[in-house]
Amino acid sequence: MADRIRLLLNDAEVETADVSPMTTLLDWLRDTRGLKGTKEGCAEGDCGACTVVVERRAADGTMRREAINACIALMGQLDGASVRTVEGLTGSDGAPHAVQAAFTETDATQCGFCTPGFVMSAFAFAAGGERGADGAIHEALAGNLCRCTGYRPIVEAMRRVAGTAVAPPPDLSALARGGDACFEVGGHRFVAPTTLAVALRLRAAHPDAALLAGATDLGLLASRHRKPPASLIHLARVPELHRIDRVGDSISLGAAASYADATPALVEHWPALAPYLSRLGSRQIRAMGTPGGNLGTASPIGDMPPVFLALGAALRIASVRGERRVAIDEFFLGYRRTALAPDEIIVAIDCPLPRAGEVFHCDKLSKRRDQDISTVAAAYRLQLEGARIVGARVAFGGMAATPLRAPRTEAALIEGGIEAAARAAEAEFTPLDDWRGSADYRRTVAGNLIRRLGARLASPARAVEVEAL
Amino acid sequence: MKGGAHAAERHDSALRHVTGGAAYIDDLPEPPGTLHAALILSPIAHGRIAMLDLGAARTAPGVVAVLGPHDIPGRNDVAAIGKDEPLFAEGRVYFAGQPLAMVLADTLDRARAAAALARIEIVAEPAILSIDAALAAETWVQAPARLARGDAPAALARAPHRLTGEFRCGGQEHFYLEGQIAFALPGEDGDMLVHSSTQHPTEVQHICARLLGCDFNRITATVRRLGGGFGGKESNASWVAGAAALGAGHTGRPVKLRLPREIDMVATGKRHGFLYRYEVGFDDEGRVLALDAMLAADAGWSLDLTPGVVTRALTHIDNAYFIPHLRAVGYACRTNLQSNTAFRGFGGPQGVLVMEDAIDRMAAHLGRNADALRALNFYARGRDTTPYGQPVTENHLPRVWAEARQLGEVERRRAEIAAFNATSPILKRGLGVFPLKFGISFNSPHMNQAGALVHVYTDGSIRLAHGGTEMGQGLFVKVAQVVAEVFQVDLDRIRPAATSTADVPNTSPTAASTGSDLNGGAAFEAARELKRRMTAYAAEHFGAAEADVVFADNQVRIAAPGSNQVLSFGELAQLCWLGRVSLSATGYYRTPGIHWDPATMQGRPFFYYSFGASVAEVAIDTLTGENRVLRADLVQDCGRSLNPAIDLGQIEGAFVQGQGWLTCEELWWDDRGRLRTVGPSTYKIPGSRDVPPVLNVRLLENAPAEVATVFRSKAVGEPPLMLATAVWTALRDAIAACRQAPGPIRLDAPATPERVLAAVRARQAKS
């Protein structure tokens, strides 16, 4: 007997019967529920016109209130959550919410099509208690595109509402599910185990099922390509996959921990990741997407693989056969191919903590600073003795069919210095020409990023990026 | 009264925008039986269709019909101004993304799934995939256009200094957040109601009728609001609507065609990319003596609206500058790419780049200050006629230039930037200043006409219809303010109606910045006619002189001797109805005094000019080419603004859109002519962080239009987009700072990090 998806929609409890768990939240809102305020602008989780606010209990028991992209969220993921759309922000008397009013007062709407999405991002921001600093506002808006206003009045509205929207968390207890769930409608099967043991058994039994963490990549199959997988194993409900612990001299990131969850721990130990992670996707994406998923998809242009390669992370991989550790260097086998066996799941990513004398930096180059896929991403972990580099792990994304270490650059950093390493980086790869950049550009900037690294090491206080001006 | 002309009123739909209550076409209720359409597109840029097997698509679940060129009862032609631009390709394909056929099914997913089942065999033929290739092959969509004055070759030969330049700018995807969509509902006996997200309802009507082979009067095209247009829903909306109408006509059922983002980007035209080559001659002072220029536009595979774009590029090559001897040729290159189309500025933004590049080269050559050279070459007394013969009257160039430079603290910041650059080896800053003169009116005089229909109801509420479309630019509230001003009633008594060819026929597109000039003018006439009737009746009824009937503050006062009758506007409306006075009137407006000879490219094409100036500061990273706009200061002439709040939004939004065009927005085709930047993940429009953190905008004060526009206001839609040219200039200034000695900088647009880095390296290589 299949379970039914239950959720709160604008404070009202809803149980779905005939809706496929692979239906996108956006389609369900618009087509089934008739809530037309939420828009489709791109169907790839990039423009933010479909932004809604989801409140749910995280694996660690705390309540989360986050903006997400409804276009790439699958209904099965929303089981047990509260979803608020732009219609649900308006008071029962029809009065606009303070966030909505702020957008009218600042003339922050023109064509209005992107507006509901902005309003929901603004609501999540306002309720998050952040101050109205420009940096935080831009970060909160990075997942929303407006083509009309030039954003200035939207930013102004954000300043006005910062920290104002105090709303009590919804009572989700009636939706609580004791254990595993299985949603099966119209030939689509969505299973959501709640223990690792069950997840591994399901994986062994269904090696062809897709593994789902945050759906920020896989969701596009449903939204843009309109062909969701027939069978999914949803890993986000498995507490073991959410743990972020210190284990010995490593920090262990559960593979299903979202970017939002993982960021504080990562930034604590590697402060250079703060700006880097703030540019990875958008808040909507980081609320759902996971570093584990970024490794699992093995995209050559993912932002996390270079970081984990440079850090020398190890992946803990499990199956019903047992658990093994795979060094990140051994994980990527080819274009979107990994060392994961068909019955295996990534459990955690163990990152060795920095030792004395260790320096970590990372860079992301893209056409647009925010919410853009990297043309080139790079990360560097250096062991210093005084000013001398005695150890180096350097990794690049966007330079080859897989994320890669740069061994000749590493050797040159130790033996020849920055300029020799920069020349090595220029020569080390054979990248492709594509819409993000030519092979020539990629080679040139690979070298120049090493020169930037040199400038950082030479005078750590000096600005080396335009963003700092 | 509240909300008359010049009041800073909010957008009329603001509250509905923020609550989700504003309905776009995809939000309209779908009657039972509604079909959803999906297009089948050519995967090949150029070739002969050997086979198009739609059998599997026809028999796929939920499919009701699959329509191709032979299912069109009328003419398979969706050309806006030319001919032979088929809705569905016949025999041959001319670009990758060209529609071949359309599937109609009971759900959108089933339509899309069935469309993927089409078996397409196209015998590929050599394709022309660049402006350069088209120039070499001399393939045009129209004969080269020439604008000339004096004797440019002779003047160049005599000039003390001559320089040549070459550069390019890219196209631009409109990226309206609401993709192209139409929803066609068949009525009785061939009637058809077409909801279309269009800037040009009349063209939608015509093209639906052309495809269906029916009279125009069977088709009603309507739209309440668009989720953005920017020129992309002028001609392109028409074929989308035509396809929906074809489907509805064929099946007798409502048909919705909504293009998913990728299909939208692949199948529709964009801003024209240009290649420029020029030679400029000048004297020792830096005064331009002659310009010989070639502008080559990538028209794409068909004519579309390219003639107008090329004309506007040529008529804006002078921009703010007097060029005594000019020879300019505009090529409309036929390539096997999307057919490029209108985009905010319509060739103007491409035209004004030429002189900015030239003056910077001249300044580097002479070792002089480029800003001073700009001002030296402005139109001025005795140097005030454009190459196409129109005098530059009401010249605000000196004012906007001085005010923008003051607002932007140019002198102080130039010194600051120089000091910064002297001690910063990796990061460089640069400043750019740009003056703008932009001609307002459609270049084709006949298009400069508009109609309005105003009803006054007996409660004093007013319904306002006109031919302009609301696409976010605030046209509806501006035109309503005009009517409120005439009647002296509160703005909220006026209900803007959805634009419909049934209310106002034979309209022009809402384009060329003319929306409020034309439709405001027409609404003004309609309201004035009604007011005249009401005044006459009130005078008769109360035995007063017409001059004694005064509309003020939602009331009408009869100031006859011995009486001081006051009644509300609604009471007078009721009185007029009882007195059998018609309370419905049309208004018609045509722009006076314009004429244009396209053969000689001479005339007075523009009713007036809009002026502006901008200052932009950027920073670049000489290691990566990453760049950032740090500050912009803009001064824009809006005449006596109809609505300063709306105009401010237009200026800011246009500037950022222009900044995107010149910096991060890059269209990229692979070597087979397939567009690969097909969504926001690959095509990057500016985000909130890209907006200059300091953005000062001023509307030019005390500058009522010299000509009799509606309440002396001026157009605002397009001109400020060009103010972003200062960003491009500033980037070149920053690149120049990579080396001490002056020298020319070539920076193609969009100035992505890659192009900036290439320019930096070219600059460094010379040292």
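This dialogue walks through how to read selected features of the structure above.

User: What kind of model is this, and how are residues and chains labelled?

Analyst: This is a predicted model, in which local features need pLDDT of at least 70 and side-chain atom pairs count only at pLDDT 80 or more, while totals for chains, interfaces and linings use all residues. Residues are numbered from 1 along each chain as its sequence is written, chains are lettered from A and ligands numbered from 1 in the order in which they are written, and side-chain values use heavy atoms, with hydrogens and water left out.

User: What does the secondary structure of chain A come to?

Analyst: Helices (H or I, at least four residues) and strands (E, at least two) are DSSP runs, numbered from the N terminus. Chain A has 15 helices and 20 strands. Its radius of gyration is 23 Å, close to the 23 Å that the globule rule gives for 469 residues, so chain A is as compact as a globular protein of that length. The radius is taken over C-alpha atoms, and the rule is 2.2 Å times the number of residues to the power 0.38. The C-alpha trace of chain A spans about 70 × 55 × 40 Å along its principal axes.

User: How much of chain A is buried?

Analyst: Buried means under 20% relative accessible area, exposed over 50%, and partly exposed in between (1.4 Å probe, protein chains only). In chain A, 63% of the 469 residues are buried. Now contacts: heavy atoms within 4.5 Å. Take the contacts in chain A with a separation of 6 or more: residues 24 or more positions apart account for 64% of them.

User: How do strand 1 and strand 2 of chain A run?

Analyst: Two strands pair if DSSP finds at least two bridges between them. Strand 1 (residues 6-9) and strand 2 (residues 12-15) of chain A run antiparallel, joined by four bridges. A:Leu7 has A:Val14 as its bridge partner. The two strands form a hairpin with two residues between them, and A:Asn10 in the turn has a positive phi of about 50 degrees.

User: Which residues other than glycine also have a positive phi?

Analyst: A:Ala43 has one, of about 60 degrees. A:Ala43 sits in the loop between helix 1 (25-32) and strand 3 (51-57) of chain A, and counts as buried at 6% relative accessibility. In chain B, phi of B:Met601 is near 55 degrees. B:Met601 is in the loop between strand 25 (595-597) and strand 26, and is buried at 2% relative accessibility.

User: Where is the cis peptide bond that involves B:Pro750?

Analyst: The bond runs from B:Ala749 to B:Pro750, with omega near 0 degrees. B:Pro750 lies in the loop between helix 20 (725-736) and helix 21 (753-765) of chain B.

User: How many aromatic pairs does the structure hold?

Analyst: Rings of Phe, Tyr and Trp (its six-membered ring) pair if their centres lie within 6.5 Å; planes under 30 degrees apart count as stacked, over 60 as edge-to-face and the rest as tilted. The structure holds 23 pairs over all chains. One of them is B:Tyr388 with B:Phe606, edge-to-face, 5.8 Å centre to centre and 85 degrees between the planes. B:Tyr388 lies in the loop between helix 12 (370-376) and helix 13 (397-407), and B:Phe606 in the loop between strand 26 (602-604) and strand 27 (608-621) of chain B, so the pair ties together parts 218 residues apart in sequence. Both residues are buried. B:Tyr388 and B:Phe606 belong to one aromatic cluster with B:Trp596, B:Tyr609 and B:Phe611.

User: Which rings have a lysine over them?

Analyst: A charge sits over a ring if NZ of Lys or CZ of Arg is within 6 Å of the ring centre and within 35 degrees of the ring normal. The charged end of B:Lys233 sits over the ring of B:Tyr176, 4.6 Å from its centre. B:Lys256 lies over the face of B:Phe183, 5.5 Å from the ring centre.
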